[in-house]
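The sequence and the structure come first, and the description follows.

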Amino acid sequence: MQYHILWADDEIDLLKPHILFLKQKGYEVTPVCSGGDALDLFQDKNFDIVFLDENMPGMSGLETLAKMKNLKPHIPVVMVTKSEEERIMEEAIGSHISDYLIKPINPNQLLLSVKKILENKRIITEKTNMGYQQDFRNISMAFNERLNFEEWAEVYKKLVHWELALEQASDKSMQEVLEMQKSEANTNFVRFVQENYEKWLNDPNIERPLLSHQLFKKKVFPEISKKNTIFFILIDNLRYDQWRVISPTIGEFFNIDEESLYYSILPTTTAYARNAIFAGMLPTEIAKNFPQYWKDEEDEEGKNLHEDIFLQKQFERNKITAKLAYHKIITNQQGKNLVENYKNLLNNDFVAIVYNFVDMLSHARTDLQMIRELAPDEPAYRSLTQSWFLHSPLWELLQKIARENVRIIITTDHGTIRVKRPFKIVGDKSVNTNLRYKQGKNLSYEGKNIYEARKPEKLFLPKPNISTSYVFAIEDYFFAYPNNYNYYVSYFKDTFQHGGVSLEEMIIPFVWLSPK
């Protein structure tokens, strides 16, 4: 592809060597000696980039720039000037220039500016694809090793890194390769969890990852004694890749002091994982110690209505004296009310805020055809999350408390996975409705593409009946009943679900922030 450059400078004859250099590099250059001539050509012809001298007689470069941006705002403009005045720089930058060059300029400066603006996408695509191809073998070889929980977290971070990098590339061919590698990674990760999960919960002498019920004791309580108010913000369903797409925005106001990953307990659902976080206990321990608050699958009442009580009791049990506040944000208005009263939050030592938006988004994507069309795949789903965050009361709240003497935790209770493959299962009416795990007395299924828990007590899961068992969907499977099977499968295929065993659901972010 040949790019066409419009170059306006009242001393254009002196720039012939530079123009010749660009032509030798394959660019077509149209030189003019005034802003008026440049504007006439700009209106009538198509150019890929414009070089504008700032100090031209008649119509100045800045005046020409303003008129060009009104006509064709998408065309990149590079301002070229002898002046180093800050005022001129700011005015040019404020007019959305793409680059700013100070005379005397050398040919390589010009070439770098052109490539950076016009060929940026191609160069990044080539380098990204090459980088992933080189790392592909390293990641695949790692699957053949006996990775520990830390190494699996690093593999997942690498896969997310390449997923986000390849998403920006114009050539999508390597994305298909990455999808296959992620699938292979999940197959091996599931095997790893099946071999080790029960040991993590029962053997105190083995190395284990940080799990949901240990989050406060290991990561939060050691920081409570410091004088800053701590905001603990839990965004339900926030995967590591979703954190990565909102983190640059957050980084404008906050230092990211720590970004780590921890493991959600099973089932990877709000009722189990989030209750475990706030109670500091595993599900059977919660059911034993708080029978009045724990709700089993057959109970009609909501299962996360007592997180504030669990949190208070966990502080008391660990002999930590602190003034606590707890807020659960389900509606946009609740979020706005919290922003309006944020000053009152600063009177507490510890403020827990639960945001349910991402969880609602995943369910809305299942239920609403419009949302499914807006977010048909992983990149679109991330984009929707990012768009929500940028326009949410949560981001407004974060910007306000960025001015205060606070520390902030952003984390989640579990992630989600886009399900693609159905797995037939049969159960009676008492079996729960979750697509990624089932609990019941009479579960019937064929095949081994599940993680079975015939003895739930070994996984610290409540056992309402002596014959109760749990099964967890693995990789990208989802449970489907045989009756009305085809409708059920087509309705839920390619939706985002949680409750089972996958990298995306189990390995999740925990981040410490401090205001800049």
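The charged end of K72 sits over the ring of F42, at 5.2 Å from the ring centre, and the charged end of K424 is likewise placed over the ring of Y485, at 4.7 Å from its centre; a charge sits over a ring if NZ of Lys or CZ of Arg is within 6 Å of the ring centre and within 35 degrees of the ring normal. This is a predicted model, in which local features need pLDDT of at least 70 and side-chain atom pairs count only at pLDDT 80 or more, while totals for chains, interfaces and linings use all residues. Residues are numbered from 1 along each chain as its sequence is written, and side-chain values use heavy atoms, with hydrogens and water left out.

Rings of Phe, Tyr and Trp (its six-membered ring) pair if their centres lie within 6.5 Å, with planes under 30 degrees apart counted as stacked, over 60 as edge-to-face and the rest as tilted. By this rule the count is 44 aromatic pairs, and two of them are set out below.

| Pair | Geometry | Centre to centre | Between planes |
|---|---|---|---|
| Y491 and F492 | edge-to-face | 4.9 Å | 85° |
| F510 and W512 | edge-to-face | 6.3 Å | 80° |

F510 is buried at 0% relative accessibility, as is W512 at 3%, where buried means under 20% relative accessible area, exposed over 50% and partly exposed in between (1.4 Å probe, protein chains only). Ring pairs also join F143, W152, F189, F192, Y197, W200 and Y263 into a cluster.
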